[in-house]
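Please look through the structure below before reading on.

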Amino acid sequence: YALSKHAVFDGKSSTGMHLNPLLTFTKTKFEHTTWGSFNWDCLFEASFYYHSSNNPMCRGNPTVAVSLHNWRYKHNSSLFLKLHGGINWWFENDVLNYLPYGPGGELDAHWTSYERNKVEGHPVLLEPSFYKYDDPVYNLLKPQWDRFVKELLLANVIIIIGYSLPEADPESRRALTIAFQGNPSAKFIVFDNNEWVRKRY
C-alpha cells in the first residue's frame, strides 16, 4: 500500500488542469453527473474542488454515497463514487475518514506513521482483482458499487474514459453489462487510445 501511495500521489499535481475541459463540459451539458472512479489517486478531487468555483469560499466537493467523515461537499449536482477507495480515505475508530492533502498535511502524516507501523486504522484501498471481495474493506465500499449500478441504469449518457475492462475485476464488468442490457436508451461513449480495449467494449 505504501508503494501505491508513492506511485499515485507523491510528486503528482492537478495544476496541469487536464480534467478542466471535461468538468466544464459536464457542468454545462448535464443536470446531474455521477463520477465513477477506479483510481486511488487524488487528481479528480483536486481538479473538481478548484474548478468548482473561482471564489475559494464557494469551493467544495461532490456528494458521496458513503458516510465519509471530514468530507465537505457543496455540489449536489455531482455524485462521486471512488469505487476502489483511495490513498486519501482512511478507516479509523470504526469511521471512514477523508484525509485532506497538501504539503506536510494530514494525509502525509498518516502515511508516514503507517509505514512505521505506528498509526491506528488502515488505508481504504481495494485492488482491482478477484481478491477484493474477501477484503473487509469491500464491505465499506459496497454501497458505492450498489449506487454505481443504479446510476448507470438511470443515465442518459455513459462516458467511459481509459478503463480497460480487466478480466480480474468482474464487479466492474457486471455493472457495465447490467447498464448495457438494462438501459438500452443510454448513449455509450468510450474514449481509449488502445484499439484492443475499444474492441473489448
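A residue counts as buried when its relative accessible area is under 20%, as exposed when that area is over 50%, and as partly exposed in between, using a 1.4 Å probe and protein chains only. By this rule proline 56 is exposed, because its relative accessible area is 52%. Helices (H or I, at least four residues) and strands (E, at least two) are DSSP runs, numbered from the N terminus. Proline 56 sits in the loop between helix H3 (43-51) and strand E2 (61-64). Its C-alpha atom is separated by 23 Å from that of aspartate 108, and the two residues are 52 apart along the chain.

The model is predicted, so local features need pLDDT of at least 70 and side-chain atom pairs count only at pLDDT 80 or more, while totals for chains, interfaces and linings use all residues. Residues are numbered from 1 along each chain as its sequence is written, and side-chain values use heavy atoms, with hydrogens and water left out.

Now turn to the start of the chain. Alanine 2 is placed in helix H1 (residues 2-8). Contact means heavy atoms within 4.5 Å. Apart from neighbours within four places in sequence, alanine 2 is in contact with Trp111 and Glu115. Alanine 2 and glutamine 144 are 142 residues apart in sequence, and their C-alpha atoms are 24 Å apart in space.

Next come two residues with a particular backbone angle. Most residues other than glycine have a negative phi, and most peptide bonds are trans. Methionine 17, in the loop between H1 and H2, has a phi near 55°, a positive value in a residue other than glycine. Leucine 165 also has a positive phi, near 55°. Leucine 165 is in the loop between strand E7 (157-161) and H6, and it counts as buried because its relative accessible area is 9%.

How are two packed helices described? The description uses the angle between their axes and the distance between the axes. Axes are lines fitted to C-alpha atoms, for helices over the stretch in contact, and angles run from 0 to 180 degrees between N-to-C directions. Angles under 35 degrees count as roughly parallel, over 145 as roughly antiparallel, 65 to 115 as roughly perpendicular, and the rest as oblique.

Helix H2 (residues 20-29) packs against H3 at an angle of about 60°, and their axes are 10 Å apart. H2 and H3 are therefore oblique to each other. The contact involves Asn20, Leu23, Thr24 and Lys27 from H2, and Phe44, Ser47, Phe48 and His51 from H3. For residue classes, Ala, Val, Leu, Ile, Met, Phe, Trp, Tyr, Cys and Pro count as nonpolar, Asp, Glu, Lys and Arg as charged, and the others, Gly among them, as polar. The contact of H2 with H3 has three nonpolar, four polar and one charged residues.

The axes of helix H5 (residues 136-154) and helix H6 (residues 170-182) come within 8 Å and cross at roughly 20°. That angle makes H5 roughly parallel to H6. On the H5 side the contact is made by Tyr138, Trp145, Phe148, Val149, Leu152 and Leu153; on the H6 side it is made by Glu171, Ser172, Arg174, Ala175, Leu176, Ile178, Ala179 and Gly182. These residues of H5 and H6 divide into ten nonpolar, two polar and two charged.

Asparagine 88 is found in strand E4 (residues 85-92). Is asparagine 88 buried or exposed? It is buried, because its relative accessible area is 0%. A polar contact is a pair of N or O atoms within 3.5 Å; within protein, one must be able to donate a hydrogen and the other to accept it, and residues adjacent in sequence count only if both atoms are side-chain atoms. The side chain of asparagine 88 makes such a contact with the side chain of glutamate 45, at 3.0 Å. Not counting residues up to four places away in sequence, asparagine 88 touches several residues, including Cys42, Glu45 and Asn97.

Asparagine 97 belongs to strand E5 (residues 95-98) and is buried, with a relative accessible area of 12%. Its side chain reaches the backbone oxygen of valine 95 at 3.1 Å.

Histidine 122 lies in strand E6 (residues 122-125) and counts as partly exposed, at 29% relative accessibility. Histidine 122 touches Trp90, Phe91 and Val137, not counting residues up to four places away in sequence.
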